[in-house]
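Please open the model in your viewer and keep the sequence beside it, ready to select residues by number. The tour goes from a pair of helices to one residue between them and then to the aromatic rings.

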Amino acid sequence: MARDGHTKVKPRDLVKVLATVLLGLSFAGGVYLADGKADRCVEYLTGYVVELSLSVDNLFVFLLIFNYFHVPREAQEPVLFWGILGAMIFRGLMIFIGGKLTEKFRLAQLGFAAILLYSAIKLLVEGEEDEDLSNNRIIKFAKSVVPVSDKYYGAKFYHREAEKIIWTPLLVVLLSIELSDVVFAFDSVPAVLGISDDTFVIYTSNIFAILGLRSLYFVIADAIGTLRFLQPSLALVLGFIALKMIFAVVGVQVSTKLSLGFVLLILSGGVGLSYLYPAAKEEVKENEDEL
């Protein structure tokens, strides 16, 4: 495993996660000061919680990618930094395009809702996929277009060899991270578009949720296998947001306060159940061995 044998959650990573979460939550006050409307503040908080929760799926894929390429732990941080920066740029473009689309074509929300419902049902029915990354089309595509060396050179993305620049496997890892985020964006962006029609609220909730991913990744990497009920909780949240978007198309509005309350209840319930009824030690060990 790319964690290099470290299985205990480090206090430093927990502090960083807490700091980024507090920063994201406190920005709700800035939204209120900028707009002067309490509903916008609630919309931001709802979007932030939804985006933060959906980001967990990204992190599990990051784990698989890092493990497949046997990325040393010290080399994972720069990949996450540039990967998250790229995600911020792409999310901004997708939110702008998606927002304009829903403004001009109200029925486009049905398309976004269909994506969310499909994702929710797939998560509930199939659970967590045991994905063989050697057969992953994203990985194959990245490897087919980028010539790389067969070993790492610290945390460098390239090195010089006989006056030629040779890319290291870290570049392939970065491309895989970016492409996987594009796939996940088709879940998360439609979700927040169903919560608010304010571009500023949508983008800032995405950005502050993404900011904490790097620290949250290391916490999850070190505590993998303990939150066994988190995935079905995320599926329920996705389904709720999809239904909310469908209701909006037919003229039935679900209040933002109700949305926030539902999201917090489901996610806190999933985390609580995971601690009350943890997976058996054999199952946890099996999950860690697979990753």
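**Two helices side by side**

Begin by selecting helix α1 (residues 11-35) and helix α7 (residues 199-211), whose axes come within 8 Å and cross at roughly 165°; the axes are lines fitted to C-alpha atoms, for helices over the stretch in contact, and angles run from 0 to 180 degrees between N-to-C directions. This is a predicted model, in which local features need pLDDT of at least 70 and side-chain atom pairs count only at pLDDT 80 or more, while totals for chains, interfaces and linings use all residues. Residues are numbered from 1 along each chain as its sequence is written, and side-chain values use heavy atoms, with hydrogens and water left out. Helices are DSSP runs (H or I, at least four residues), numbered from the N terminus.

The crossing angle makes α1 roughly antiparallel to α7, a label given to angles over 145 degrees.

Next, show the side chains where the two helices meet: Thr20, Leu23, Gly24, Phe27 and Val31 in α1 are in contact with Phe200, Val201, Thr204, Phe208 and Leu211 in α7, contact meaning heavy atoms within 4.5 Å. By class, this contact of α1 with α7 has seven nonpolar, three polar and no charged residues, where Gly counts as polar, Val, Leu and Phe as nonpolar, and Asp, Glu, Lys and Arg as charged.

Now select valine 201, which lies in helix α7 and is buried, with a relative accessible area of 2%; buried means under 20% (1.4 Å probe, protein chains only). Leaving aside neighbours within four places in sequence, valine 201 is in contact with Val31, Arg40, Glu43, Tyr44 and Ser196.

**Aromatic rings**

For another arrangement, select phenylalanine 66 and tyrosine 217, whose ring centres are 5.5 Å apart with planes at 70°, so the pair is edge-to-face, meaning over 60 degrees. This pair links distant parts of the chain, with phenylalanine 66 in helix α2 and tyrosine 217 in helix α8 (residues 213-222), 151 residues apart.

Finally, select Phe27, Tyr44, Tyr48, Phe200 and Phe208, which ring pairs link into a cluster.

How values were computed: Rings of Phe, Tyr and Trp (its six-membered ring) pair if their centres lie within 6.5 Å; planes under 30 degrees apart count as stacked, over 60 as edge-to-face and the rest as tilted. Angles under 35 degrees count as roughly parallel, over 145 as roughly antiparallel, 65 to 115 as roughly perpendicular and the rest as oblique. Buried means under 20% relative accessible area, exposed over 50%, partly exposed in between (1.4 Å probe, protein chains only).
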